[in-house]
Structures are given as C-alpha cells and as structure tokens.
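Trainee: Can we go through this one together, a few questions at a time?

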Amino acid sequence: MANDRLLWADDEIDLLKPHILFLEAKGYEVLTTTNGQDAIDLCKDTTFDLVFLDENMPGLSGIETLNQIKALFPSLPVVMITKSEEEDIMNQAIGSKIADYLIKPVNPMQMLLTLKKNIHKDEIIHDTTTSTFQQQFMKISQQINEAADMDDWKAVYGKLVYWELELEEAKTGMDEMLKQQKTEANNLFGRYIRKNYLSWMEKPENRPFMSPDVFKNTVFPLLDANETVFFIVIDNFRFDQWQVIKRLLGDRFSINEDMYISILPTATQYARNAIFSGLMPLQIQTLFPELWVDEDEEEGKNLNESPLIQTQLDRYRKRHAFSYNKINNNQAGERFMGKVKSLLNTPLNVVVFNFIDMLSHARTESKMIRELANTEAAYRSLTESWYKHSAIAELLDFLADQSVKIVLTTDHGTIRVDNPIKVVGDRSTNTNLRYKIGKNLNYNPKEVFEIKNPERYGLPAPNVSSAYIFTSNSDYFAYPNNYNYYASYYKDTFQHGGISLEEMLIPLITLEPKKKPV
C-alpha cells in the first residue's frame, strides 16, 4: 500500500485533514486540491491509483470534472463524494462509471473500504481464495475418496468446477493442485462407472437420471402443466462453460440448476439420439431401424432427431405440437430469430445449437483456434465470447420477456486429453479418439473399459464380434503406425466419447423469466 497515491478534490479540503492523516497513517500518499480544473491538471501530470471527487465545487462541477478525467483516463477509479442524495446526480455519476458513491459526512473506515474494493481487490481476493482453498483441499480429497453414488459425484464435480473458476479469477497459482485433485477424481469416477454401468442398463428403474430420461422427467411435466417450453440443446456443453454463461443470465431469469449423466459413448450419435427418443441406442435400432445410422455408414448420424422426438411423444401419448430447429451458423440463427415470435403458440420448441461442438473440433484442426483456446480458461473465455454475440443470447433475451419455460442442456461434455494409449483396429473401426467400436480391436484391457457384449449395455453391434472400448480420465487412442506424430498432434485437444466427469456429468438447467416490475 505504501506506493498507492490518491488525489482528493474538495473545496473544503482543510476540514478533511483528520481523514487525510488517517489515510497517510495507512500508508497512502494523498495529494489535495480545491477545484475540478486543478484536479484534471494534476491527473495529467501525476499517476494516481484513485481519485476522491467532491460533487459540489466552484467552477467545474464534480460531474463535469468526472467526465473529463474519465475521458483522459478511462481506467482510473473515481469515487464521488457528495452531500446530495438526489437520484439524478446519482444516476449521472453511475452513468459516468464512477467506482463508488459516498454521502457526506464520510467516515475514515468508509473510505478505507472503498480503497480496498477498488485498489486492493485483486490482492485481497488472491490471498483470501488461496487461504480458503488450502483449508478446503483436504475436505475435497476426502469427498472424492468417499463418493459412493451419483449424488456424491455431482457434488464433487460441482465443487471442483467452483474452485477451478475461483482459482482462475484470483490467479493464485494453485491450479496444478486442483488439476491433481481432478485427475484423482476422474480415476475414481471411472472405476465407479465401470462398476455400476451394466447394472444401470439391466435395471433402468434403479439407474441415475440419464440421457433417455430427460424428456420424461423434465419436459413432459412442463407440457402437462400447459407451459410453453423451449428445449435448448447446446452440443458439447460442459458444466464449467454453463457456469460462465450463468453469470450473464441471473438478472433476467430464475435459475434451477442440476446435472444429469450422459450415456456411453458420450457422443452425439448416441447421447443426443437417446435424449430425443427417450431410448437407449439399441432400442432405437430395434424399434426404429430406419432412424438409426450405424457407425460405419456414411450418412449423417444426427439427421433423424425430429422424427425421434415424435416417436417419444407418441410413445408417451403426448399430443403436443412441436417445432425442431437446428442452428449451425449465424445465418441459421438469423432465420430462426425471424420466426421465433410465431413459435410462442407451439407448446414445445426444440432448438439445437452446434457451435461448441464445432469449436471443439476446430480447436483440433486449426492452429489459430488452438492458440486462442490453449488452456481450459481460454476455452471457457471463447465460449463466453461466442455466447455474447450468438443467436442463443438473442433468443434468451427475447424469451426473458415471454411467458415460457426454458430447459437448457446438452448431450455430452468434452475433456482435454494428454495421455495417448495404443489401439489396433481394422479399416471399419471408427475414428473417435475416446472410444472405439470394431471387430478386431487389439488393446491393453487394463487401460480401457471394454464392452464385449454391447446388447447388454443398450448398444448396437454392427457385427457379431463387435466390441466397444472406452478411455477414461485424459487418455486418448492412437494407432501404433505413425504413433508419435498422432500422439503429439492430438495432445491437449478437447475430445469426447469416453468416461470422465467433464463428459458425463452435464448441465440440466430450467430457466423461468423473472416477473417484470409493474
């Protein structure tokens, strides 16, 4: 604090000597002036960390002085001090981006608080966050080791995401400690999935909330209550990415936040089709073979989503009309927004946004995108930037003024991979790096979760001898031929299809517009 320099402009500055002495005793250097013009000139000649500015001075008013200082030094914090409690003056000051607004008579502790908020905030947050995380570290480790059911794992993952964002904001340098905890959590979560997944498939009544349950448990109750529902799916959308976007929605929506677990493979062809059909993939293939596309077929794997929704509505005898809308680019978003008002009369409106999935794949293929999203924090930041300028932000802004319910979710998440493991397959083996399906797969069974009887797991088998294998944690598959090249090429890319907290525990959010003031 010894180097922090303050400017205090007040035409009665002599009466404020006790306050100045208090601040100097706290280590601040305080320069003073009695008018606005001198304050502006001093700001031009001297670097200040914060300015205290009286609102009512002779010559230039406090507001006029504030505007000129802000025009010259936009990032310099200015605190307005005034005897006036007039709302118009408050609005002008706030509109001019003041750092704080104090009403006379001010006391020294008020001033110290505003200094801490505006000059030392980052330092205080850093120290407090570091101390709190150090205290919580062992509790989180214990929580990870004792996790016994899906509610426990949801709590673990929620806590890890919370601290990931907190440590990122506070710049504590403790990210590596948290990364180690997340790795340990994913190791144990992988064991939990391998131990329980088959029983969930064989006794669906005992399974946790999974992809086929989303419509039945979340959408249908709203439709039955005669709500107009917008069901929004952001492909490849993680819980941490939701937390970043959530900050932008709290002012306009009441938010009910939960997670559910994606089926395996955590890939669009399987997980999203399971959501829209309310069925496991093998059930889709058996009941509606014309709507299922096998891995080895060239046809797009998610072209039948609208008819799959219809099959689920029919099966549950829901006679609700619905619209289906897929948005892959800005032009599609503009077309959709052009017709969205007409959809308010449709009970169910399904909207699929594919940007995050495209971003994930583009990061793998594009050197420029890799540079822009070279860390988890940068990947989240890119998501936030996309959202702010996307059709989904425009859509939610519009829906915030309507009498609707919004269900916002995804089909699966994604994980940053960094550990290649070898697999051998024939030409019919799929290309996904987190799971493989094939007839003659060769691999180390200790490194994967293997499914040799897919039908027991609700999965189609393209051939009699087909098997599925899944990576967990941050592993990814690489073929032995040209191994070093591909292991290096895909290292630190974002992939999905396998077993991890990031891929399987995904957001399920219900948004309700807040009531507008009468």
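Mentor: Start with helix 11, whose buried residues are Thr 268, Gln 269, Tyr 270, Ala 271, Arg 272, Asn 273, Ala 274, Ile 275, Phe 276 and Ser 277. Buried means under 20% relative accessible area, exposed over 50% and partly exposed in between, with a 1.4 Å probe and protein chains only. Helices (H or I, at least four residues) and strands (E, at least two) are DSSP runs, numbered from the N terminus. Residues are numbered from 1 along each chain as its sequence is written, and side-chain values use heavy atoms, leaving out hydrogens and water. This is a predicted model, so local features need pLDDT of at least 70 and side-chain atom pairs 80 or more, while totals for chains, interfaces and linings use all residues.

Trainee: Why is helix 11 largely enclosed by the rest of the structure?

Mentor: Look at residues 268–277. Helix 11 is largely enclosed because the count of buried residues is 10 of the 10.

Trainee: Which residue follows helix 11?

Mentor: Check the backbone there: phi is positive, near 70°. The residue after helix 11 is Gly 278.

Trainee: What is the bridge partner of Leu 53 in strand 4?

Mentor: Strand 3 (residues 50–54) pairs with strand 4 in the parallel sense over 4 bridges; pairing takes at least two DSSP bridges. The partner of Leu 53 is Met 80.

Trainee: And which residue of strand 5 does Thr 82 stand opposite?

Mentor: Strand 5 (residues 100–103) also runs parallel to strand 4, over 4 bridges. Opposite Thr 82 stands Ile 103.
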